[in-house]
Amino acid sequence: MCYGYTMKKKYENQTGPVSYGQLAGDMDGVRDMGNLACGHARACYDQIAAAVQSCMDGNSNFVEQTLAAAEVMYRATYKSQVQQIAAGSSEPLFKELANLVMDNFNSAADVEAALKSFFSEEDQSQIAADAEVARQQFISIAQGFCDDGCFDKSAAFFKPLFSAMDGGQCTVASDFCGHCQENAANFLDGNQNVVMPCCLKKVAETGFRAYNRVEEKYRSIIDRFDADLSEQLSDEANYRIKGIVNELKEQSACIKEVYDANKPECA
């Protein structure tokens with residue numbers, strides 16, 4: 001937790017772009033934080049879950065009272081800060097989205113009402129069931145990732161890869177396509193000792209399949225949400241969203257191209 005907070009502050013306070021060299025330098029810390037989570041996260045979650053369940057068993061109104069207390073704390077402590085951040089933002093899209101949320105959602109009851117108006121009871125039941133399946137799958141995959149020592153293996157893979165990608169005209173970690181992609185492909189093609197671990201490939205393949213399932217199963221709901229949101233935003237904000245989506249698709253395609261060309265053969 002301390003390391004995560006330190007990294008959060010480090011990157012928040014950085015004024016220039018993040019480079020792949022910086023990411024390479026932080027891989028050892030990410031590895032150690034991941035291994036710490038492997039050793040303690042499940043037990044910590046179980047302890048918290050048990051405490052919450054004990055509160056719910058002893059107070060039938062625990063959830064409602066907790067949400068009400070959170071609303072009071074938000075209004076007293078954070079609402080003005082959120083308003084200031086939105087007002088001072090130079091990004092029109094963020095400003096519009098923040099104002100839209102603040103105008104329409106002032107309580108947990110507002111959120112619940114919006115969900116009920118947007119999703120049918122059948123949709124809600126299906127989403128809840130799928131979410132529980134996804135939760136169980138995540139627990140299983142995370143446990144396998146930890147049991148395989150995959151944080152160590154992944155750090156050993158990414159650290160030299162990111163170091164090799166850094167430099168030349170690859171200067172910004174958020175832009176993979178082009179020079180960074182070329183550096184990555186050249187490094188992986190010429191280094192037989194640096195191979196993606198199979199445990200990492202397993203997670204990646206699971207993620208691809210999960211994305212495709214969501215895209216196929218919930219496409220109509222996603223389209224309905226997009227249309228509803230678009231009607232409430234300006235032309236400038238909608239244009240910005242379209243640009244972000246296209247950029248994400250382009251970067252994802254470049255990453256997938258390098259991944260497909262270098263993924264290992266695993267049992």
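Predicted model: local features only at pLDDT ≥ 70, side-chain atom pairs only at ≥ 80, totals over all residues.
The protein chain contains 12 helices and 0 strands. Its C-alpha trace spans about 60 × 50 × 40 Å along the principal axes. Of the 267 residues in the protein chain, 19% are buried. The accessible surface comes to about 18000 Å², and 58% of this area belongs to carbon and sulfur atoms. Among contacts between residues at least 6 apart in sequence, 72% join residues at least 24 apart. The side chains include 24 positive and 39 negative ones, and the centres of the two sets lie 3 Å apart.

The count of disulfides is 5. In sequence order, the bonded cysteines pair as 1-2, 3-8, 4-6, 5-9, 7-10. One of the disulfides joins Cys150 to Cys199, with an S to S distance of 1.9 Å. Cys150 lies in helix 8 and Cys199 in helix 10, so this link ties together parts that are 49 residues apart in sequence. Cys150 is buried at 0% relative accessibility, and Cys199 is buried at 9%.

Cys177 and Cys254 are joined at an S to S distance of 2.0 Å. Cys177 is in the loop between helix 8 and helix 9, while Cys254 is in helix 12, 77 residues apart. The link of Cys177 and Cys254 is right-handed, with 110° about the S-S bond.

A further disulfide joins Cys198 to Cys266. The torsion about its S-S bond is about -90°, so this disulfide is left-handed. Cys198 is partly exposed at 36% relative accessibility, as is Cys266 at 30%.

The sulfur of Cys55 lies 15 Å from the closest cysteine sulfur, in Cys44, which is too far for a bond.

Conventions:
Residues numbered from 1 in each chain as written. Heavy atoms only, no water. Helix = DSSP H or I, 4+ residues; strand = E, 2+ residues; numbered from the N terminus. Buried < 20%, exposed > 50% of the residue type's maximum accessible area, 1.4 Å probe, protein only. Contact = heavy atoms within 4.5 Å. Areas by Shrake-Rupley, 256 points an atom, 1.4 Å probe, with all protein chains shown as cover. Lys, Arg positive; Asp, Glu negative; His and termini not counted. Charge placed at Lys NZ, Arg CZ, Asp CG, Glu CD. Disulfide = S-S within 2.5 Å.
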